[in-house]
Amino acid sequence: MRYKPNYAPGPTEVRENVRLARAKRTNNSDFDKTFVRYYREVSQKMGKVMGTTNEVLLLAGEGILALEAACASLTEPGDRVLVLDNGIYGEGFKDFVSIYGGVPVVLSFDHRSGIPTEAVRAYLEKDSDFKYATLVHCDTPTSVLNNVAELCPLLKKYGILTVVDSVAGMVGEPINVDENKIDICCGGTQKAISAPVGLAIVSVSADAQKAMDNRKTPIASFYANLQVFKGYAEKEYLPYTTSAGDVAALDAALDNILEEGIETVFARHDRIASAVRGSAQAYGLELFLDSDHSNTVTAIRIPEEIGALRLQDHLSENYNLLVATSLAQYADVILRIGHMGENAFIDKLIYVLSIIDNGLRDLGFAGNGDLAQLFIDIYKENN
């Protein structure tokens, strides 16, 4: 398979030291107690990056496993669950709730901006009888960023547990799990963490653990069941075989993040994202969102006469470059540029924007100037 430079919103590029860490010989993850201790150390390091002292679990699967495991572990038949929806993944939480017997109540908002805190507050004043609520930190199909720092404490005030999908936000955007009173925070290794696909990340608060402990019915899953990890550190035994190589790769990726400094990483993502958005607009393209842009991905409207899918195919076939369109109703409308983790560096964006410029011109779009040069100019001006 020919290597293709990848600027989709994940999986991201993986630094060489992370790839090499994954390739090293490892201890037996089933029976060697030293591996369980190592797993615990890496989990705690992950918690440091997330801003939490809560239990952090590394599940053997892609990031969506974290979302399903959260819903499976909390939901009992008949539980009402508030699904906050302003994007495709936000709405998608209702399916996990339904699968495990819950009753999803979907509160929908415009997909072109963040969930308005005051509208949620007004809704809760009328109806707050929910076991937990779900929301997405960064809903990648449209790149919208939701204000978890306001929404989660508000929900907590009403006694509602929170499940936050931060798969595409974590490390590129501050999540501050403890400060923001997030009960279950879900992540994945393949986005801004820039480790290989393979581990789902879940932090579990004391309140979430209590809710799981007090269930009246068994959790209808083994693999998507957070309770099977309960007490693993004391037992020095994991409930199923974990990929030791993936844990080692995550460890190396976290070291990269901590060495750079988490606040520095956030600032780097912000500088890159601002310049990408500014250059796209200066070039004559339209951003999909009205406000609340994520710093990990930019969603750009592609003119209808060109089409996002056609542009994506053209870039792949003629320039050997992978960029993503969106999902569902936005598949042929939005081109998404992923600038998260290892992809959020100035040289990477100069490269991808130069090729996108070429591709658009090939297909008949007359931009205002040079897209990559506009990016450089705006980046320098802002910094």
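1. Basis. The model is predicted, so local features need pLDDT of at least 70 and side-chain atom pairs count only at pLDDT 80 or more, whereas totals for chains, interfaces and linings use all residues. Residues are numbered from 1 along each chain as its sequence is written, and side-chain values use heavy atoms, with hydrogens and water left out.

2. Cysteines. The structure contains zero disulfides, a disulfide being a pair of cysteine sulfur atoms within 2.5 Å. For C71, the closest cysteine sulfur belongs to C186 and lies 7.6 Å away, which is too far for a bond. For C138, the closest is that of C185, at 13 Å, again too far. C71 is buried at 0% relative accessibility, and C138 is buried at 3%; buried means under 20% relative accessible area, with a 1.4 Å probe and protein chains only.

3. Over residues 27–300 the chain is 41% helix and 18% strand, where helices (H or I, at least four residues) and strands (E, at least two) are DSSP runs numbered from the N terminus. The end C-alpha atoms of this stretch are 45 Å apart.

4. Helix pair. Helix α10 (residues 262–283) packs against helix α12 (residues 346–362) at about 20°, with the axes 11 Å apart; axes are lines fitted to C-alpha atoms over the stretch in contact, and angles run from 0 to 180 degrees between N-to-C directions. The two helices are therefore roughly parallel, a term for angles under 35 degrees. The contact (heavy atoms within 4.5 Å) involves I272, V276, S279 and Y283 of α10, and residues of α12 including L349, L353 and D357.

How values were computed. Buried < 20%, exposed > 50% of the residue type's maximum accessible area, 1.4 Å probe, protein only. Parallel < 35°, antiparallel > 145°, perpendicular 65-115°, else oblique.
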